[in-house]
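Dear colleague,

Please find below the sequence and the structure that I am handing over to you. My findings follow directly after them.

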Amino acid sequence: MRDKNVLNVLVISDVHAHSQDPRSSQTPSFYSTNSLFSDAGSNPLTDIPTIIKKHGLAVDWVLTPGDLGDRADPTSQKIAWEELEKIRQQTGATLLIGTTGNHDIDSRRNFPEFDPKSALQALKPMFPVSCSLFEENDGVYSDRFWSRNFVVIPFVEYDCTLVVLNSSAFHGYASDTKGPSREHLRGKISPLTLEAIKKELAGHNTRLNIVLLHHHLSKHPWIEDSDSFVIGGDKLSEYLKETGKQWLVIHGHQHVPHLSYADGTPLAPVVLSAGSVAARTYDVRGVHPRNQIHHISVHLDDMDPSGAEVLGNITSWTWAVGSGWREASVDGGLPFKCGFGYRPSAIELRNKLVTAAKTAAPGVHRWANVLSMDPKLQFLTSDDLAQVLSMVQQTGTVVDFDRHQLPEHLEWRE
Ligand SMILES: [Fe+2]
């Protein structure tokens, strides 16, 4: 029996923790475990609970899609995980859920007691997830993740199936610097794992369906490299669609925030490429990807009971040295507010908006009225909304935007 209408998820990805001076450009991230750099202008983790509370947002789960510590440093991994657990407690979330990134596995044999995943298996609370199946702290879900490279967890209260996938499962077991697959960069979902996922998903029938992994499911449009997505990702995408559900896929890895659909088909998964909370980023296509966190609200009551659509809103914040967290702009990341899951015909929507603007002439048609007439418009992705509004503007209709680049008014001018 489902008793929750909304699932709220806070995504904090790619911490890349280290113990050095984060002011040095040689360090991989702005997050240092050194307590000298714990103030909110130096440490991106410090103010996260404050910003969530300030916006009055609830959090049910804190998700972290991999790369806790840079280059698998076990001490930094442990501190980063403990800091995320503190954020879980301070935001009132019930669960902290992670997955392994390429930086979480000691594939370079840097540490003398070489065992590529042992540091993660020693984390408290249990990694990647501490919820239990048969009895308290039984570790069954965690053990399944490590033994099968994925775990499927049902959440009856949210009518939800969560798949936590280990796309770094083959790191450390062979040379990571040779061979044609570039597995050390791309990650891999093996054919055996894919078939096992397919088989297990056949036994689940929920309205909300989510996959958490580290590597990219499909090609990121901003990233030129054509093989930067996970090996087996195309097959996974097909298997997810074969369930008859629209899945929400959340990943990290390349530190370039983006929200899109995996392809153009109706059941294509919604893919959130989470920004890194702290890693130093580098220009992509002339744009500087921002350090971001994302709060996702999935609206179960608005969604078709079959699970054939997933509808939600995302709120994002951007962090900068000195100034800390602020409401995100569209520059180099996700905007402050956007949605996902609603995919109407762009031409039909353009015509509807232009007609509304004409009806209101010589006055303006407020966007709030547009939303009240068609509430599902809040679930347009920012790219889809921008493209439709561009089409609207081409008709001569004026669109006024607010400071977050969200539409405020439509005005028809003869
Ligand atoms: Fe990363």
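Thr-100 is in contact (C-beta atoms, placed from the backbone, within 7 Å) with Gly-66, Ile-105, Leu-120, Asn-166, Ser-168 and His-214, leaving aside its neighbours within four places in sequence. The model is a predicted one: local features need pLDDT of at least 70, side-chain atom pairs count only at pLDDT 80 or more, and totals for chains, interfaces and linings use all residues. Residues are numbered from 1 along each chain as its sequence is written.

Thr-100 sits in the loop between β3 (95-98) and α3 (118-121); helices (H or I, at least four residues) and strands (E, at least two) are DSSP runs numbered from the N terminus. Thr-100 counts as buried because it has 30 C-beta neighbours inside 10 Å. Here a residue is buried if 20 or more other C-beta atoms lie within 10 Å of its own, exposed if 12 or fewer, and partly exposed in between, with C-beta atoms placed from the backbone. His-171 is 71 residues away from Thr-100 along the chain, and their C-alpha atoms are separated by 10 Å.

The protein chain is assigned domain 1 (6-340) and domain 2 (346-412), with bounds from an automatic or database domain assignment. Their C-alpha centres lie 33 Å apart. The contact between them takes 14 residues from domain 1 and 9 residues from domain 2. On the side of domain 1 that touches domain 2, the elements giving two or more residues are β8 (258-261), β11 (312-320) and β13 (337-340), and β13 gives the most, with 4 residues.

Helix α8 (residues 346-360) has 15 residues. From its first C-alpha to its last, α8 reaches 21 Å, close to the 21 Å expected at 1.5 Å a residue (1.5 Å times one less than the number of residues). The buried residues of α8 are Leu-349, Arg-350, Leu-353, Val-354 and Ala-357. They lie on the same side of α8, because they cover an arc of only 130 degrees around the axis (taken from the directions from the helix axis to the C-beta atoms). The face turned away from that buried side carries the exposed residues Ile-347, Glu-348 and Thr-359.

The buried residues of α8 pack against β14 (365-366), α9 (367-373), α10 (382-393), β15 (397-401) and β16 (407-412). The 3 strands β14-β16-β15, in that order, form an open sheet with antiparallel pairing; two strands pair if DSSP finds at least two bridges between them. Between β15 and β16 there are 5 bridges.

Yours sincerely

Technical notes: Two residues are in contact if their C-beta atoms, placed from the backbone, lie within 7 Å.
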